[in-house]
Amino acid sequence: MTGETDLSPARLRHARFAIAAVFCTHGAVTGSFATRIPWIQDHAQLSAGTLGLALAFPALGAAVAMPLAGRINHRFGARAALRALLVLWTLSLILPSLAPNLATLCFALFVYGATAGMADVAMNALGVETENRLGRSIMSSLHGMWSVGALIGSAAGTVAAHAGADARLHHLVAALALTAAGLVAVRGVLDLHSAAGAQAPPHFALPPKSALLIGAIGFCAVFAEGASMDWSAVYLRDVLDTNAGDAAACTTAFALTMALARLVGDRVVDRFGAVRTVRAGGLLATAGGVLVVAAGDPAVAIAGFGLIGLGIAVVVPLAFAAAARSGPAPAQAIAGVATITYTSGLIAPSAIGAVADATSLVVSFGLVTLLAFALVAGAAVLRQKPAAAGAVPVDRDEPAGIRP
């Protein structure tokens, strides 16, 4: 991509902080929504199974709409595309709490997910471009800022739930505040445009064979993340008979550990390598799943969800990085891995609800625990060597020495 000529260190630092603020804003919308899922479930009078069905629609909307983001970015430029898509995403937070029944909630969550996916693609693409110009890795910390945003949003949701606030008012206020914050943040990102004569991105990109196993690792991590983010508050309320405020606090604990792990993730991976980092994370997430399943006390379950968040935090950024190095077409590989991970996000909420309806939420999180252990077994697929010219010169497969 082409665009700004001022690529001084000061300008690039400012652009990095700006895109980090965008990630934070995006995450805050998710955190604001997740903590009020029990309220939305009660308002729409849904069972665990029908709630699981509804919670599949955000990922479905994202999977359908994501390819449009590339074309919007190609036509209007990175900054303008991100501005429009981020505003649509923040304002979509208003919709789910307004839904009075399953049908309207499914439609609201489809729109919510479609805008989330398009904004996600736009900000990650700009994050990669910023990383390339800086010449060092920042993607884990950007995803960390997303988790910081999710933490902020879930913390505000916890306060609102403790106060018994109507989620419709809570989400209206949050959406307006986050829209304003997002508009300010976007002003500082790089203003990049597609090169003259560049071909528009395809509507859909199948993952190349080299990216399939990498996508499978991302699938396991996103399944555990989606299940924990969407169902942790419901788990504490329904399985452990916890009050609404403490149940919402569980989502906050999960978001906190995700944020902390991602913020230090670049340094950890540089020191220990991608494979060993993911294996260790898989063990932590597995231990967390065991705690959740065995918990007889809310504090133990909250600790378990926290360990799950800590263990899976850096897997998705590493999967995207490995995909970019896996073959001669980095963009197609990244798009393919993104499709697989969003499919996981599509499956996870409904699968958890379906298993819970047939058995129990405890059994559902037994499945999450098995997928967490799969990270330990499959981490070796992230051992990929840089292949593309112009890539960030960091080998993340083994512990890094001094970075150039």
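Me: How much space lies in the second largest pocket of this model?

Reply: Rolling a probe the size of a water molecule over the atoms shows where empty space is left. In this structure, which is a predicted model, the second largest pocket holds about 210 Å³ of space.

Me: Which residues lie nearest the centre of that second largest pocket, and how many residues line it?

Reply: The lining consists of 13 residues, and those nearest the centre of the second largest pocket are Val268, Thr277, Gly281, Leu310 and Val314. By class, eight of the lining residues are nonpolar, four are polar and one is charged.

Me: Which helices each supply at least two residues of that lining, and which one gives the most?

Reply: At least two lining residues come from each of α11 (265-272), α12 (274-294) and α13 (298-312), and α12 gives the most to the lining of the second largest pocket, namely five residues.

Me: Turning to helix packing, at what angle do α10 and α13 pack, and how far apart are their axes?

Reply: Helix α10, which covers residues 244-263, packs against α13 at an angle of about 25°, and the two axes are 7 Å apart. Angles under 35 degrees count as roughly parallel, and α10 is therefore roughly parallel to α13. The crossing in which α10 passes α13 is right-handed. On the α10 side the contact is made by Asp246, Cys250, Ala253, Phe254, Thr257, Met258 and Ala261, while α13 brings Ile302, Phe305, Gly306, Ile308, Gly309, Leu310 and Ile312. Sorted by class, the contact of α10 with α13 has 10 nonpolar, three polar and one charged residues.

Me: How should I read the pair α1 and α5, and at what angle do their axes cross?

Reply: The axes of helix α1 (residues 9-34) and helix α5 (residues 78-92) come within 10 Å and cross at roughly 25°, so that α1 and α5 are roughly parallel to each other. Their crossing is left-handed. From α1, the residues Arg11, Ile19, Val22, Thr25, His26, Val29 and Thr30 meet Arg79, Leu82, Leu86, Trp89 and Thr90 of α5, and the contact of α1 with α5 has six nonpolar, four polar and two charged residues.

Me: Helix α1 also packs with α7; what are the angle and the separation of the axes there?

Reply: Here α1 and helix α7 (residues 139-162) pack at an angle of about 40°, with their axes 6 Å apart, and α1 is therefore oblique to α7. The crossing of α1 and α7 is right-handed. Among the α1 residues in this contact are Arg16, Phe23, Cys24, Gly27 and Gly31, and the α7 residues include Leu142, Trp146, Gly149, Ile152 and Gly153. The residues of the contact of α1 with α7 divide into 11 nonpolar, 10 polar and one charged.

Definitions and conventions. Residues numbered from 1 in each chain as written. Predicted model: local features only at pLDDT ≥ 70, side-chain atom pairs only at ≥ 80, totals over all residues. Heavy atoms only, no water. 1 Å grid on protein atoms, 1.4 Å probe; cavity = no way out; pocket = protein on both sides within 12 Å on 5 of 7 lines; lining within 4 Å. Points joined across faces, edges and corners; volume = space filled by probe spheres on them. Helix = DSSP H or I, 4+ residues; strand = E, 2+ residues; numbered from the N terminus. Nonpolar A, V, L, I, M, F, W, Y, C, P; charged D, E, K, R; others polar. Axes fitted to C-alpha atoms, helices over the stretch in contact; angles between N-to-C directions. Parallel < 35°, antiparallel > 145°, perpendicular 65-115°, else oblique. Left-handed = near helix turned anticlockwise from the far one by under 90°. Contact = heavy atoms within 4.5 Å.
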